[in-house]
Structures are given as C-alpha cells and as structure tokens.
Amino acid sequence: MLRWQLIVALPLALSGCQLFQTPAPEAPVVVEAPVCPAPPEPVVCPEPVEIVKECPAIAEVAPAPAPVIKKPAPAKPAAPSRIGNNQLLVIGVAENITLDPPGVKVKARIDTGAETSSLHASNIIPFERDGERWVRFEFSPNEDAETITIERPLSRKVKIKRHDADSARRRVVEMRVRLGDIDEEIEVTLTDRSEFSYPMLIGRNFLTDNAVVDVSKSFSIR
C-alpha cells in the first residue's frame with residue numbers, strides 16, 4: 001500500500017513543482033544602434049588610354065635625280081682666214097690690235113696706201129737717257145680711257161709730205177704690234193690723230209708678207 005502511494009504521490013509532487021515554478025526572466029532585448037551605411041565610394045573614371053594607331057612604315061623613296069641639262073659648248077671662234085701659198089692672214093679695214101708698250105688693245109685703221117704705221121701722240125717731249133735720244137709722249141687708247149705716258153728710244157725723224165698742207169717732220173719710235181698670230185716690232189710715227197676716228201693707223205710696214213685686206217670685213221680677228 002505504501003508503495004502504491006509513493007508511486008501516486010511522486011508524479012503529483014512533480015507536477016506541483018511545475019505549477020508553482022517561477023518563470024524564467026526574459027532575455028533582455030538588445031537594440032542595436034542604427035548603423036549608417038558607408039558613403040558610396042566615389043566613382044573613379046579610368047584614365048583615358050591613348051590609342052596610337054601605328055601607320056605602316058613608308059619606305060623612303062630616293063628622289064629622282066634632277067635631269068642633267070648639258071649646256072651647249074661655247075662656239076669656238078672661227079679660225080682666221082688665210083690665203084695664198086704663204087698663208088697670209090685675211091683682215092678687215094679696221095681691227096683691234098695690241099700695242100706693247102703699254103700692252104693695251106687699240107682700234108686701228110688698216111691702210112695699204114700708207115708706208116709706215118702711225119700712232120696718236122700728244123705732249124711729245126724729247127730727252128736724253130744714258131747718252132741716247134729718247135722721247136716721252138702721252139697716249140689714250142680711246143676717249144674714255146685714262147691717258148698713258150709712254151717713253152721710247154727715238155729711232156729717227158721722217159719728213160712727211162701732205163697734199164693739203166706743208167711737209168712735217170715726225171719722230172719715229174719702235175713698238176710691238178700684235179694682230180691675231182702676227183707679232184711684229186715695227187716703226188711707228190708719232191702724230192696728232194685727234195681728228196681721226198682711230199688712234200692708230202697700220203701701214204705696209206706691218207702688212208707686207210703678213211696679211212691681206214678684205215674691204216668687206218672689219219674687226220674680224222679675235
């Protein structure tokens with residue numbers, strides 16, 4: 001009996017304990033502080049990428065050489081004409097001759113009727129040098145040239161007959177005259193030729209055995 005009572009009483013006692021059991025305290029509610037969202041990160045634009053388009057390499061082309069223009073060769077002056085077995089030089093009625101001294105070109109009239117060549121001279125002054133007779137005179141190749149003073153030994157004096165005036169005595173000197181390939185030292189009379197077109201006259205003492213005159217030509221010898 002006692003055992004049965006214990007069996008019955010025990011569940012009751014256990015249930016009574018459950019009925020009067022102090023409720024467990026509620027767990028405290030934890031209120032979390034509001035968390036502000038992190039500000040959005042600034043948008044960073046990517047650095048612009050420079051796109052370099054590589055052009056295909058262009059092969060260097062050498063410039064075409066400039067055409068070579070050949071200048072025509074200067075015409076050679078025609079060879080002086082010659083005539084006869086002695087190959088006499090054919091010259092015109094007026095030519096440029098070289099007078100030495102003073103080594104200048106002079107326009108000269110060619111005159112086959114004059115025996116002796118003559119040269120325009122002014123301020124003719126005779127003097128002595130080392131016991132010999134000399135003559136000093138002034139000469140101008142043309143109107144624009146400066147006057148040149150020339151001194152030469154006196155060769156002789158000649159008497160010149162003129163048709164329209166009295167005879168005159170002229171002093172004669174030796175000078176070298178060149179025309180083309182003719183190079184002769186000849187006697188030259190000194191006279192006033194200011195009224196003539198040419199300061200010098202070439203006579204037969206230069207022309208004989210050297211040249212013949214073609215009256216259709218002038219200044220033909222270079």
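This report describes selected strands, turns and residues of a predicted model.

## Basis of the description

Residues are numbered from 1 along each chain as its sequence is written, and side-chain values use heavy atoms, with hydrogens and water left out. Because the model is predicted, local features need pLDDT of at least 70 and side-chain atom pairs count only at pLDDT 80 or more, whereas totals for chains, interfaces and linings use all residues.

Helices (H or I, at least four residues) and strands (E, at least two) are DSSP runs, numbered from the N terminus. Strand 3 comprises residues 94-100. Of its 7 residues, 5 are buried, and strand 3 is thus mostly covered; buried means under 20% relative accessible area, exposed over 50%, and partly exposed in between (1.4 Å probe, protein chains only).

Two strands are said to pair if DSSP finds at least two bridges between them. Strand 3 pairs with strand 4 in the antiparallel sense, over 6 bridges, and Thr98 has Lys105 of strand 4 as its bridge partner. Strand 3 also runs antiparallel to strand 9, to which 3 bridges join it. Here Asp100 has Arg176 of strand 9 as its bridge partner.

## The turn between strands 3 and 4

Strand 3 and strand 4 form a hairpin with 3 residues between them, and Gly103 in the turn has a positive phi of about 80°. Pro101 and Pro102 both lie in the loop between these strands. The peptide bond from Asp100 to Pro101 is cis, with omega near -10°. Most peptide bonds are trans.

## Glu95 within strand 3

Glu95 lies in strand 3. This residue is buried yet has no salt bridge, and Arg222, the nearest side chain of opposite charge, is 7.8 Å away. A salt bridge is a side-chain nitrogen of Lys or Arg within 4 Å of a carboxyl oxygen of Asp or Glu. For charge, Lys and Arg count as positive and Asp and Glu as negative, while His and the chain ends are not counted.

The side chain of Glu95 does make a polar contact with the side chain of Ser220, at 2.9 Å. A polar contact is a pair of N or O atoms within 3.5 Å; within protein, one must be able to donate a hydrogen and the other to accept it, and residues adjacent in sequence count only if both atoms are side-chain atoms. Leaving aside residues up to four places away in sequence, Glu95 touches several others, among them Val106, Ile110, Leu179 and Phe219, where contact means heavy atoms within 4.5 Å.

## Strand 10 and its neighbours

Strand 9 (residues 168-179) pairs with strand 10 in the antiparallel sense over 8 bridges, and Val172 stands opposite Thr189 of strand 10. The two strands form a hairpin with 2 residues between them, and Gly180 in the turn has a positive phi of about 60°.

Strand 10 (residues 182-191) is also joined to strand 5 (residues 117-120) by 4 bridges, and these two strands run parallel. Leu119 has Leu190 of strand 10 as its bridge partner.

Most residues other than glycine have a negative phi. Asn123, in strand 6 (residues 122-129), has a positive phi of about 50° although it is not a glycine. Asn123 is exposed, with a relative accessible area of 51%.

Asp209 is not a glycine either, and its phi is positive, at about 65°. Asp209 is placed in the loop between helix 2 (204-207) and strand 12 (211-213), and is exposed, with a relative accessible area of 65%.
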